[in-house]
Amino acid sequence: MSSKTWKIAGINFDHMHMGDLLRKVHEHPGAEIAGICDEKPERMQWAAETFRIPPERTYTDYRECLEVTKPDLVILCPATAQHAEWTERVAPFGAHVFVEKPFAATLPEADRMIAAVAATGRQLIINWPLRWYPCHVTAKRRLDEKVIGDLQEVHYYDGNRGPVRHAADKIETEATPEEKSASWFYKKAQGGGSMLDYLGYGVTLGTWYHNGRKPIEVTAATWQPPELEVDESSITIARYDCGLSKFETRWGTFTDPWRLQPQPKCGFVLKGSAGTISSYDYEPVIRVQTAAHPECATQPVDTLAAPNQDPISYVLDCLEHDRPVDGPLSPAMCRIGQQIVDSAVLSAREKRTVPLIQ
């Protein structure tokens with residue numbers, strides 16, 4: 001391990017995942033929380049108390065935070081529609097930029113983010129928490145080992161009871177209808193909706209499973225309750241040269257998958273030329289169906305060893321060794337996912353199949 005202590009700042013607490021990421025920084029022996037920043041101090045209170053961040057490391061002006069703390073890495077958790085704006089604000093200060101999912105609200109905004117960080121010579125990292133679930137990592141390993149032959153289809157269904165039903169550390173919360181409508185997750189202009197919240201997970205990890213293959217065309221539909229301005233569920237079908245893949249998002253599952261798997265189960269089913277793999281969120285096994293085991297053989301998930309067990313450990317190891325992040329965290333793979341998301345948004349809006357947006 002390097003003797004260097006990586007200084008990390010957390011800026012903008014719109015997304016509750018900031019608390020989860022700061023916990024990983026707090027627990028990492030080679031990192032420190034150099035500062036946290038949000039225009040609304042009350043949103044930082046839980047993190048400041050939980051991770052014992054002193055008042056002098058707490059800011060309401062991002063410029064002051066960056067100028068004083070001079071972080072090596074900045075974690076950004078703004079509303080989806082503000083990812084490009086915040087990346088462009090932070091990038092000139094010379095830190096690596098770590099953006100919590102999704103990539104962006106639109107492909108042009110994702111390209112702005114790529115350009116802003118590329119101009120500094122630093123790395124842009126997009127984190128997808130599903131990437132760190134041992135079941136999905138194990139499924140990728142078995143897929144690469146060709147245990148089910150060549151991948152033909154990815155089937156994805158994921159979501160939760162709703163974004164205002166939990167906070168950092170998956171603490172359960174309840175919200176009034178007024179609080180729900182006030183949340184940025186339910187505002188179209190802020191990049192709200194289940195499609196923008198969860199489709200990127202499925203199509204970005206789906207691109208990882210497909211080893212970078214792109215679909216040819218996309219067909220999508222959403223369901224939007226009349227009292228809301230954003231969708232709470234969506235279905236996207238992507239046609240590849242090898243078959244059809246399907247991606248579903250849902251706010252309003254019967255239970256949260258980290259507490260108890262709902263039906264349908266949240267996770268992935270991968271269909272290959274010689275079998276199938278099911279990999280469901282948080283489960284300790286995957287199920288592999290082949291000619292030798294048509295009844296499905298259960299396999300324990302891999303133990304994720306350091307430094308590949310969580311996003312902070314992985315990213316700091318990459319930076320330590322001057323190695324670009326890869327897989328679902330890489331801008332190149334995330335851009336393919338964003339192409340699919342933008343195509344799905346267009347398809348749902350125009351109620352027609354569309355070619356993959358370039």
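This is a predicted model: local features need pLDDT of at least 70, side-chain atom pairs count only at pLDDT 80 or more; totals for chains, interfaces and linings use all residues.

Me: Let's start with open space. How many residues line the largest pocket, and which lie nearest its centre?

Reply: First the idea: on a 1 Å grid over the protein atoms alone, a pocket is an open set of points with protein on both sides within 12 Å along at least five of seven lines, a cavity is a set where a 1.4 Å probe fits but cannot get out, and lining residues have an atom within 4 Å of a point. Points are joined across faces, edges and corners, and the volume is the space filled by probe spheres set on them. In this model the largest pocket holds about 930 Å³. Its lining has 36 residues, with F13, D14, H15, M16 and R43 nearest the centre. Helix 1 (17-27), helix 2 (45-50) and helix 4 (83-90) each give two or more residues to that lining; helices (H or I, at least four residues) and strands (E, at least two) are DSSP runs, numbered from the N terminus.

Me: What is the residue make-up of that lining?

Reply: It divides into 18 nonpolar, 9 polar and 9 charged residues. The classes go like this: Ala, Val, Leu, Ile, Met, Phe, Trp, Tyr, Cys and Pro are nonpolar, Asp, Glu, Lys and Arg are charged, and the others, Gly among them, are polar.

Me: And which element gives the largest share of the lining of the second largest pocket?

Reply: Helix 1, with 6 residues. That pocket has about 640 Å³ of space and 35 lining residues, of which D20, P129, Y133, K170 and Y282 lie nearest the centre. By class, the lining has 16 nonpolar, 6 polar and 13 charged residues.

Me: Now the rings. How many aromatic pairs are there?

Reply: A pair of aromatic rings is described by the distance of the centres and the angle of the planes. Rings of Phe, Tyr and Trp (its six-membered ring) pair if their centres lie within 6.5 Å; planes under 30 degrees apart count as stacked, over 60 as edge-to-face, and the rest as tilted. The structure holds 14 such pairs. One of them joins W132 and Y314, tilted, at 5.6 Å centre to centre and 50° between the planes. W132 is in the loop between strand 6 (124-127) and helix 6, and Y314 is in helix 9 (residues 311-320), 182 residues apart.

Me: Why is the pair of Y133 and Y282 called tilted?

Reply: Because the planes of Y133 and Y282 are at 45°, with the ring centres 4.7 Å apart. Y133 is buried, with a relative accessible area of 14%, whereas Y282 is partly exposed at 38%. The scale: buried is under 20% relative accessible area, exposed over 50%, partly exposed in between (1.4 Å probe, protein chains only). Both W132 and Y314 are buried too. Elsewhere, ring pairs link Y156, W208, Y209, F247 and F268 into a cluster.

Me: Where does D14 sit, and is D14 buried or exposed?

Reply: D14 is in the loop between strand 1 (6-11) and helix 1, and is buried, with a relative accessible area of 17%. Contact means heavy atoms within 4.5 Å. Leaving aside neighbours within four places in sequence, D14 contacts D38, R43, C77, P78, A79, Q82 and W184. D14 and C77 are 63 residues apart in sequence, yet 5.9 Å apart C-alpha to C-alpha.

Me: Last one: how many residues of helix 6 are buried?

Reply: Helix 6 is mostly covered, with 8 of its 11 residues buried. Among them are C135, H136, K140 and L143. The buried residues pack against strand 7, helix 8, strand 11 (267-272), strand 12, strand 13 and strand 14 (297-300). After helix 6 comes K146, whose phi is positive, near 65°.

Technical notes. Residues are numbered from 1 along each chain as its sequence is written. Side-chain values use heavy atoms; hydrogens and water are left out.
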